[in-house]
Amino acid sequence: MNKNTEKDSAQNIDKILSIALTELSATKTLDSLNEWKVRYLGRKGIVVQLKRSISELPSKERPKFGQAINSASKILEQKLISQHTKVTSSDNKNIRESLDVTLPGVPINSGSLHPITQTIRDICEAFTSMGFEIIEGPEIELDYYNFQMLNIPKHHPARDGFNTLWIDQKDSNGERPMLLRTHTSPMQIRTMETQDPPIRLIVPGKVYRYEATDSSHEWHFSQIEGLAVDKDISFTDLKGTLYEFARKLFGEDVKVRFRCDYFPFVEPGAEMAIDWNSRTKDNDTKEENWIEILGAGMVHPKILKAVGYDTNKYTGFAFGIGVERIAMLKHGIDDIRLFYNNDIRFLGQF
Amino acid sequence: MLVPLSWLKKYVEIDLPPKQIAHMLTMAGVEVSNYKEIGAHLDDNKFIVGEIIKIEPHPNADRIKLPMVDIGSQNTVQVVCGAPNIREGQKIAFAKIGAKVFNTHSEKVEQLREANIRGVKSEGMICSIKELGIGDDHEGILVLDDSTEVGIPISNVVSDVIFNIDVTPNRADCLSILGVAREIAALTNKTVLEPEISFSTIDKLTKSVISVDIKDLDLCRRYTASVIEGVTIKQSPQWLQDILIKIGQRPINNVVDITNYVMLETNQPLHAFDITSINNRSIIVRKAKSKEKLTTLDGEDRELEPPMLVIADTSGAIGLAGIMGGANSEISDSTHTILLEAANFEPINTRKTSSHLRLSTAASYRFERTLSPELAEIGLRRATRLIKQIAGGEVYDQIIDVGSKASDAQLIPFDKTRFNQVLGSEITYEDAIKTLESLGFIKNNSQNRDMNLFDTIEPSLEDTTYFTPPYWRPEIDIQEDLIEEVARITGYNAIPTTMISAPIPHHRPKSMWHFKEQIKDKISALGMDEIITYNVNSELELVNTNSWDIDNPPLSLANPMINDQRFLRSSLVANMLKTVSMNKKLSRDEPLRLFELGRIFIPNSNKDKLSLPIEKESLVSAFCGNRNARNWSYKPVQMNFYDAKGVLQSLLNEFGLEVEFKDKQDVLYIDGRAATVVHEGQIIGDIGELNPEVLKNFDLESSLTTIFRLDIHQLHNLVGSQDKTYEQFSKYPESSRDLSLIVDKDLLADQIEDVFKKHKYVKDIFPFDIYIDESLGTNKKSVTFQIIFQSQKGTLTAEQIDRCMEDLLNKLQRSMKVELRQG
């Protein structure tokens, strides 16, 4: 044989090696792996046949050829082992295909709580941590609890501020005794009638006003009433409690202010506002933006007297928080009607 | 309530910027919702007061005039003007060339240029209110008061600030300019200059020409009247017209304008009668007769009923007391002598009358809010003085004054201990007393203890001061009112903050509220979205969802927002379906899993319709659309009964409740695809695929929709506050066997399961392959169960399990027709 044959033989080995490796990597089962092993490394396999063919070569070429075969045989054996691991590790079945990792994951149904539920919880939590108990009351109320006992007698001009939806039932005087509560305040009376101080409670619930709806008015909304009656409860406690509430809900840096306001069932009466622009640290450059968030005051002594409390001994404070207002502020919602429209594109965001 | 700063300044010195005034008033409880600055934009060099000294006709146009205007500093200019109301001698607003005026043609503010109008040069412009940019009036040029000085900047004359004040129902006093002025005075340590109320009279007694008789002193507490003879009814002077226009009123004539002006100034409503129209010169204040007729000043014919109060003469009603005068006694241009009335009418009757007649006026609004009888005389004297001054005439001597002169104001104790108890503040008692005095409260230490019976605390003699409120604050009643006065004038922000020092009171164990929130948490964790809907429905909606109980129909509202929201809901289903339907249109087949936990209202039995209804907490969940959100990995499958049941079971499992599902017939549901949910014999809810007939009403007929409902009160009772008890689980392995049976088609799965579940080794059994095929025989189905075996005591052997299977199969075959499926 001449130089060419030498070259051909070596090339031949390379070619065989490359084919063998391609075939090896294509094996996916132990069976096909064994088949391959028999074909290349078996007793009558290609490697053995090649080794045998050494004798047919000129003696000068034999060592080189032998070396080439040996090294090829070693490579094949090594690759066989790693392929074996691969095949067995894939459950003896298929080797895992590579994935399109950008395909979306399998969707999980994650439910959601209505933003009003969430806001009520946030507010309630702020007060329960200050020792307030959560109770509820009826949404259909008597004029007696909704107005009269709250120092709003019949034909009082303060009733102008509580446009009422009346239940269509008249008593023997031709008056309508039942209504949809216009505020959660009747629970102040219902509680004090049946319970002696100390009292510290909050009352979340739906309330109703006969008012045209627009982006900031709903006829059907939610309120949280608060009431604390005890010895030595003063206006400073009212301020302290509500300032603390504001910080819990709107952050440590929020600016709060109290101003005089009128509600027939408190005296002195107040309205609390927060400076919406003060919540962030860099508030120096911003204009103040006071937003009213609740009404409050010291429980009117006429009310304490009417429920039979000793007004020499007990004082109390009360407050009412509009839930939708706070939810709108916290979430940047610009239309109150979204809450009760229940579009899942809205609900799903909370 | 619109309050011009210029008017306030007549009674109190104000040197603060409007923003600060607004803030100060707001903080003190007199909320300034906004304010408008008028004329602040007028350039003082360009807009000045001028006087029209001469008017020439335009040579080429009839309606255009050529006035010569004196603009001060010996300058006279000629302009061209087409205004119909231009007269020689008028003081007017003159805009120089270069002034920025509102062009009423282009509707834009433009710089005024020298113009040539039909051949005549115009060196400026005489402006209307609109052209000045201070209002909408463009009927003619703005005519200033005759006394206005020529040459001064217009802004000195027209600029003003109009505060818009939201007056709370307790502060009737702030419906008057003087009331607001008194607030500002107290807040800024100034004194109020009270308006002049004196006038000279002639030597004729008022009572010689008029008599007044109050028939009902409870409804009319005081009636004062004056007679002014020889008035000239004409237009009001410019300043009076201007001020009324500023607050949005239309000037009528001098006498009417003065009554309005004085009401706004002092708060006392007034009414002027033409004395000749009063029959027999006799005023009778009495209740209306049944069906008594009166045409009010607004031209409406009114039919009155007692106890509406009227002002009458001997022939009938001539006015609706405290609300509106009658057309029959109205003053006219020819009126020569007027009877001016200032009375005090009772609030509730005024309010009832006003609301009954749907006639609310500035006067009725004030009387409803309680005015002091003391105010009547003050208002009367003030208006009489102004009428004499402006409309001329002579005033008869000694006004008529019937009824009680004194106000109801009583002595109110102001106790140091109580003051500190309520406010808890650092304001000293001495400062508090000074504050009250600054508001016009009169300190009164008389030993006469005829004080308000409703003092909330026993006053101690030495630390108690007694106050009489000023007549303009009749609503001040008890010492807490005084405390508020001190706090609001001192400023709420000056009061420190503390936390309640008393111990936290005892709380009741977990309430219904907590239970509801727990359910919301659990059900939303199961992939459900919460909705909250209105508590009302239309009759049709309730009928269509089988929620209308004919024997006990839902409560209705007398005045619903809209007719479709008339009934208090007796079920949550209709609103749920409305919500499903609305979302379905938006999301097509995407999964909708919604729940609402809300109240339903069950009226009390027919016997006692006036007692409050039962308010029941209820839960409804709805499932509609595909089981999975759009995704490449699933084939879409519609949700059905079992999707709902899965959520319901998981929810109840969370509370450790075992329930049974019993076939239910209800027109709400498809027959054979609904069940009641039963716990130990008690129905706690139901579940089912909704009848397409029901769904049709909500545009959902082609969308399979399943709902379940739970009675939350029953659930609450069942779950109670009991904690879950830990159950030990087996540490030995479990084994499973499959069992394929051919059974009757209507045999229920749990009939087989029940037999198996009773066996001590059976940990669980569940069906996993169900099919119906003719080859199985008629009315047969094949069910394959997987049964899980496990023991607490040891690993079960194959023999044990085999034996167990054999036993169970025998038992099964004894009690029902089952056949082992071969192969």
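Strand β34 (residues 614-624) of chain B pairs with strand β38 of chain B in the antiparallel sense over seven bridges; strands, like helices, are DSSP runs numbered from the N terminus, with at least two residues (E) for a strand and at least four (H or I) for a helix. Two strands count as paired if DSSP finds at least two bridges between them. Within this pairing, B:Ser618 has B:Asp711 of β38(B) as its bridge partner. Strand β37 (residues 682-690) of chain B is also joined to β38(B), by five bridges, and the two run antiparallel.

Strand β38 (residues 705-711) of chain B is largely enclosed by the rest of the structure, because seven of its seven residues are buried. A residue is buried if 20 or more other C-beta atoms, placed from the backbone, lie within 10 Å of its own; it is exposed if there are 12 or fewer, and partly exposed in between. Both faces of β38(B) are covered: B:Thr705, B:Ile707, B:Arg709 and B:Asp711 are buried on one side, and B:Thr706, B:Phe708 and B:Leu710 on the other.

## Basis of the model

This is a predicted model, in which local features need pLDDT of at least 70 and side-chain atom pairs count only at pLDDT 80 or more, while totals for chains, interfaces and linings use all residues. Residues are numbered from 1 along each chain as its sequence is written, and chains are lettered from A and ligands numbered from 1 in the order in which they are written.

## Chain B as a whole

The secondary structure of chain B comprises 21 helices and 42 strands. Its C-alpha trace spans about 130 × 85 × 60 Å along the principal axes. The radius of gyration of chain B is 42 Å, whereas a compact globule of 823 residues would have one near 28 Å; the radius is taken over C-alpha atoms, and the globule rule is 2.2 Å times the number of residues to the power 0.38.

Of the 823 residues in chain B, 41% are buried. Among contacts in chain B with a separation of 6 or more, 72% are between residues 24 or more positions apart; two residues are in contact if their C-beta atoms, placed from the backbone, lie within 7 Å.

## A three-stranded sheet in chain B

An open, antiparallel sheet of three strands in chain B has the order β1-β13-β2. Its edge strands, β1 (2-4) and β2 (31-38) of chain B, each pair on one side only. Three bridges connect β1(B) with strand β13 (residues 160-166) of chain B, and B:Pro4 stands opposite B:Ile162 in β13(B).

## Strands of chain A

In chain A, strand β8 (residues 290-299) is mostly covered, with seven of its 10 residues buried. Eight bridges join β8(A) to strand β7 (residues 266-275) of chain A in an antiparallel arrangement, where A:Gly269 stands opposite A:Gly297. Strand β9 (residues 314-322) of chain A is likewise antiparallel to β8(A), with five bridges between them. In that pairing A:Met298 stands opposite A:Phe317 in β9(A).

## Where the chains meet

Chain A has 79 residues in contact with 83 residues of chain B. On the side of chain A that touches chain B, the largest share, eight residues, comes from helix α8 (residues 235-250) of chain A.
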